[in-house]
Amino acid sequence: MRRRSTVAAIDVGSTKVAVIVGDVTEHGDTRILGVGVAPAAGLSRGVIDNIQSARDAISIAVEKAEQACGMRILSAVVGISGGHISSQNNRGIIAIPDRTRPISADDRSRVLESAGQVAIPTNRQVIHVVPRGYWVEGTDQVSDPVGMFGGRLDAEVHIVSGAVSAIQNLTKCVEGAGVQVDDIVLECIASATSVLEEQEKQQGVALVDLGGSTTSIAVYDEGSIAHTACLPIAGSHLTHDLARVLRCPWESAEQVKCTVGAAFADPAMVSETVEIQAFGTQSTKHVPLGHICEILQARTEEILEMVALELKRVGYLDRLAAGLVLTGGTAQLRGLPEVAESRLGIPARLGRPHGYSGLSDLIGTPAFATSIGLVEYALGGRERVVESTGAAFEVPVGGIFRRLASLGRALMPQ
Ligand SMILES: Nc1ncnc2c1ncn2[C@@H]1O[C@H](COP(=O)(O)OP(=O)(O)OP(=O)(O)O)[C@@H](O)[C@H]1O
Ligand SMILES: [Mg+2]
């Protein structure tokens, strides 16, 4: 059951830091109470490379969110992504010594603990151990073994780990901004929490979050998470290509991309030209829209090809009946879902957070799927993961993060 409490979430992206405060209404709906957004700084390819700049950006966003909701943020759930993230599935087995008694919640915890025991290098740290399914004495998969009888219990879990240094640096920056870290959550798992439908997770779906400099993938199949990955390529590469080929300032390329750009070049665009800011003696120049979109199409197709290769590598490309759900700011590039459908040959749709009260035009977009998902995760998203897998809990790992039990104390009135 969800608890009525107020939580804060910090999404440290490569282009923006978003801090969101939310709670649960008496009807059980998630309500957004305050938002603070600041331009990101001190991040490279999703990982902190300048502690001071990142900390300052986080402080600004935290302050804005505090002003918006009239509360002081003491602790928060924080999102993580980047090329250092890796994941694997693992099985654990335990014996149930007394087969005359039903399997208990304790047994379930023990088998999850056993499945979560993997040898990882000392410079890596486990971030999530998510239950995927259970088997009682090797029978068919069951969603919850509690109450069943058997002498042996198996569990499969999905384990996400990251570089200790990246996790420590992120924690340091958030703490430096005066906020305790309650929990670290993989960003694409958070995005999935805010936009995926249960049926999509059951039938097979890949959440693809196309952000500023990282593209994160979370694959769900038969209701549970099956694979996660992070690719070091996203929207800033599109802007970079435009700025380089058109020889124009970065800001101008960014603006053109977001206002008139598209993921495909259409013959109808031939006659249309766009005025852009330029370097050199002329302060502006006219560029055919078709040319702009050709540049964007080439890089978009490359990113989608990398997503397809990753899904193929893990054997899921042909198994995703619900296809792709696209989130992140770059998913808003005009025509991107259509290009994704035709390149990968599977359905694709935009993923917007919905069903939350207090959503504004800004945070109701795919760019805020991660931020809203972090709030949802902190408030009860774990239970949503649990419901879909039928498991009791997601094993908290790491030791340095306080349990969600403390979230009720995460904020206090200013
Ligand atoms: N309408 C639009 N069309 C195309 N691209 C867009 C649009 N709006 C935003 N973007 C791009 O989205 C990217 C930012 O997305 P997002 O806010 O999801 O990134 P982030 O969370 O800061 O980064 P990351 O998740 O990679 O760490 C930028 O590259 C921006 O140019
Ligand atoms: Mg992001």
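This is a predicted model: local features need pLDDT of at least 70, side-chain atom pairs count only at pLDDT 80 or more; totals for chains, interfaces and linings use all residues.
The lining of the largest cavity consists of 7 nonpolar, 4 polar and 1 charged residues. The structure has 3 cavities of 30 Å³ or more, and the largest cavity holds about 90 Å³ of space. Val12, Leu43, Gly46, Val47, Ile48, Gly79, Ile80, Ser81, His84, Ala166, Leu170 and Glu187 form its lining. Two or more of these residues come from each of strand E5 (47-48), strand E7 (75-80) and helix H3 (164-176). Glu187 is in this lining, and glutamate counts as charged.

By class, the lining of the largest pocket has 10 nonpolar, 21 polar and 8 charged residues. Strand E1 (6-12), strand E13 (205-210), H6 and H7 each contribute at least two residues to this lining. Of the elements, H7 contributes the most to the lining of the largest pocket, namely 5 residues.

What takes up the space of the largest pocket? Ligand 1 does. The elements with two or more residues in the shell around ligand 1 are helix H6 (235-246) and helix H7 (250-259). H7 gives the most to this shell, with 3 residues, and H7 also gives the most to the lining of the largest pocket.

The shell around ligand 1 can be described residue by residue. There are 18 residues around the ligand, and Ser14, Thr15, Lys16, Glu254 and Lys257 come nearest. Sorted by class, the shell is made up of 2 nonpolar, 13 polar and 3 charged residues.

Several contacts are made with oxygen atoms of the ligand. With Ser14 a polar backbone atom is involved, at 2.8 Å from an oxygen atom of ligand 1. How much of ligand 1 does the protein bury? Taken alone, ligand 1 exposes 660 Å², and the protein buries 89% of that.

Methods. Residues are numbered from 1 along each chain as its sequence is written. Chains are lettered from A and ligands numbered from 1 in the order in which they are written. Side-chain values use heavy atoms; hydrogens and water are left out. A residue is near a molecule or strand if one of its heavy atoms lies within 4 Å of it. A polar contact is a pair of N or O atoms within 3.5 Å; within protein, one must be able to donate a hydrogen and the other to accept it, and residues adjacent in sequence count only if both atoms are side-chain atoms. Accessible areas come from the Shrake-Rupley method with a 1.4 Å probe; for residues, only the protein chains shown count as cover. On a 1 Å grid over the protein atoms alone, a cavity is a set of points where a 1.4 Å probe fits but cannot get out, and a pocket is an open set with protein on both sides within 12 Å along at least five of seven lines; lining residues have an atom within 4 Å of a point. A molecule sits in a cavity or pocket if more than half of its atoms lie within 2 Å of its grid points. Helices (H or I, at least four residues) and strands (E, at least two) are DSSP runs, numbered from the N terminus. Grid points are joined across faces, edges and corners, and a volume is the space filled by probe spheres set on the points.
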